[in-house]
Amino acid sequence: MTSEPFDRTVDRRAFLTRAAALATVSAVGVNVGLPSVALATNARPGAGRRPLDQPNAYTQPRPEALAEPSELTIAEAAWLIRAGKLTPEHLVEAYLARISRYDGIYQAFNQVLADAAIAAARAAGRGPRHGVLHGIPLAIKDNYYTEGVPTTANSFLFKDFVPPYDATAVARLKASGAIVLGKTQMGPLATTRATTPAGVITTVNAWTPTDRGIDPGGSSTGTATAVAGRMATSGIGTQTGGSITAPSNAQNLTGLKPTMGRVSAAGIIPLTYTRDHPGPLARDAKDAAIMLTAMAGEDPMDPRSQGLPDVPNLIDAASPVYQGRRVKLRWKTRIGVLPGFTNGTSPTALARAAYLAQLAAIPGVTLVNVPLPDGWSQLTGSTFNNIRLPERAEPFMPYLRTDLRGFGVSVTSWLQGALMGGNEFITGQRAKLLLMDRVLNDLFDGCDAVVQTDAVPFDILGLPEIAFPIGFTTAGLPIGTILGGLPYAEDRLLSVVAAYQAVTDWHLRRPADPPATAGARGAAPAEELRLTAEEVAELSQ
């Protein structure tokens, strides 16, 4: 079994202290420093960022991917670009052709930067390589600042906003050689599945492009549909209450929500300061690791990103390890299984049972039954989950006082936050710390990672999660699952998923293309469905 290079046990008490301080920061402003979270022993100094140009970042393409550039993963496309067998311009043109042909029905993008992407690709073809992301076309959720390009968060409030600089995550991806294809549709102000600000459903699930009623997941809907529909190699989203994991599960992707602070949120239109997590939506664990490696690291513009343990070698972690011809786990890992995870005879229950059986067959995996911590239902229920709402309302109070119409269909949760009392908020923060203590010291007492049925509990706590496909329904819809981990243990999660994906092929399956006649960009949708303000409030992240 591959040993870990150093003791990576996080000081859990320090993590709890930092969580308490973060709650205070949310009330007094972002310029307050947070306590460092060190490794318990043998910590390395600083918070260095990993290089992207390393051997395991490149994967020789599958034969079936060679004929169609849009089928390539990041690691495969990078292998071809490095070998001189594919140019960035050819790759970008392949994606722009699919966008032109199909995005009229997918409606994944709200703005395509075709000319800029072609220019960047040509420059990449002439210039020195920057590593594995060199020339790789990406989709960017429209709440990330993009210099000189409108950033609307799909809202009336920001419809004319053109930021003067890139969000830190976007700047780092571009500095690593990535090319921005465009900005993607999202739930209004990051609340639910993608609609217009007035609630008219836009983006569809790439697996059911002609049925707008099938949920594509939100609020990072457009990014998920762009990647699943092969209109971008990979993309980025944000998660406050399942907004990366839900669309990834709905559209057969691998979505990684890192630990709070692992990626800077500077330059992202906020939803909830103590719960906003930037992260990648990718085609497999290796691509998610590449994306997160480029995005992660300390940023002076975001206190949440400072004083953290170093970013581990995520790319190596997401590279399967073999003993002979058999895949084994990189590190021995106890995976906790929650009560009722496989109960029933539904397609999801059967897929979960098969998933656990496949995991258990991988050397190094130990499945252990773990009980839910005391008070789980109450501590993770809507009453305490709603303590996020005042954080949502506070930065927007000037707008709430002047023009409620600017919030469109998502106004209800902002009003709820503005009206919540201080006592409720303080009680909720205490409940959060109690939940954190019970998860870190009870739930993880017997396991290193734990299966999840809902992203919200770990979103509340800022703990890492990874979503990935494990099967399909009889109707051909993807079935996904979520694995949650300890603070800053993204590498552990990636190693498990990489091993699972090495022995299964769910992540390699792609949706059929929609009818070309319905796909011309700019075409009107075949039908109009609308979410009401009440529905958005119920579904809100």
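## Cavities

In this predicted model, the count comes to seven cavities of 30 Å³ or more. The largest cavity has a volume of about 110 Å³. Its lining is made up of Phe 15, Arg 18, Ala 19, Leu 22, Met 260, Thr 274, Lys 432, Met 436, Leu 461, Gly 462 and Tyr 488.

The largest share comes from α1, with four residues. By residue class, the lining of the largest cavity divides into seven nonpolar, two polar and two charged residues.

## Nonpolar cores

In soluble globular proteins, nonpolar side chains tend to be buried together. The largest nonpolar core in this model has 138 residues. Leu 133, Tyr 355 and Leu 483 have the most contacts inside this core. Among the elements, helix α9 (residues 285-295) gives the most to the core, with eight residues.

Leu 483 can be followed in more detail. With its neighbours within four places in sequence left aside, Leu 483 is in contact with Ile 335, Tyr 355, Ala 449, Val 450, Val 451, Gln 452, Pro 464, Glu 465, Ile 466, Phe 468, Leu 493 and Val 496. Tyr 355, one of these partners, is also among the residues with the most contacts inside the core. A second, separate core has five residues, including Ala 21, Leu 22, Leu 34 and Met 260. Of these, Leu 22 and Met 260 also line the largest cavity.

## Aromatic pairs and a cluster

A pair of aromatic rings is described by the distance of the centres and the angle of the planes. A search of the whole structure finds 17 aromatic pairs. One of them joins Trp 207 and Phe 472, with 5.1 Å from centre to centre and 55° between the planes, and is tilted. This pair links distant parts of the chain. Trp 207 is in the loop between β3 (179-184) and α7 (221-228), while Phe 472 is in strand β12 (residues 465-472), 265 residues apart. Both Trp 207 and Phe 472 are buried.

One aromatic cluster is formed by Tyr 145, Phe 158, Phe 161, Tyr 165, Phe 396, Tyr 399, Phe 407 and Trp 414.

## Helix α6

Which residues of helix α6 (residues 168-175) are buried? They are Thr 168, Ala 169, Val 170, Arg 172 and Leu 173. The buried residues of α6 pack against β2 (137-141), β4 (234-239) and α9. Just after α6, Gly 177 takes a positive phi of about 105°.

A cis peptide bond joins Gly 218 and Ser 219, with omega about 5°. Ser 219 is found in the loop between β3 and α7, and Trp 207 is also placed in the loop between these two elements.

Gln 107 is a residue other than glycine with a positive phi, near 50°. This residue is found in the loop between α4 (88-106) and β1 (109-112). Is Gln 107 buried or exposed? Gln 107 counts as buried because its relative accessibility is 16%, and the cut-off for buried is under 20%. Asn 252, likewise not a glycine, has a positive phi near 65°. Asn 252 lies in the loop between α8 (245-250) and β5 (254-257). With 2% relative accessibility, Asn 252 also counts as buried.

## Two residues with surface area

Asn 423 itself is exposed because its relative accessible area is 64%, and exposed means over 50%. Between Asn 423 and Leu 52 there are 47 Å in space, C-alpha to C-alpha, and the two are 371 residues apart in sequence.

Asp 454 lies in the loop between β11 (449-452) and α18 (456-461). With a relative accessible area of 41%, Asp 454 is partly exposed. Asp 454 and Pro 197 are 26 Å apart in space, C-alpha to C-alpha, and 257 residues apart in sequence.

Conventions: Residues numbered from 1 in each chain as written. Predicted model: local features only at pLDDT ≥ 70, side-chain atom pairs only at ≥ 80, totals over all residues. Heavy atoms only, no water. 1 Å grid on protein atoms, 1.4 Å probe; cavity = no way out; pocket = protein on both sides within 12 Å on 5 of 7 lines; lining within 4 Å. Points joined across faces, edges and corners; volume = space filled by probe spheres on them. Nonpolar A, V, L, I, M, F, W, Y, C, P; charged D, E, K, R; others polar. Core = buried A, V, L, I, M, F, W, Y, C linked by side-chain atoms within 4.5 Å. Buried < 20%, exposed > 50% of the residue type's maximum accessible area, 1.4 Å probe, protein only. Contact = heavy atoms within 4.5 Å. Phe/Tyr/Trp six-rings, centres within 6.5 Å; stacked < 30°, edge-to-face > 60°.
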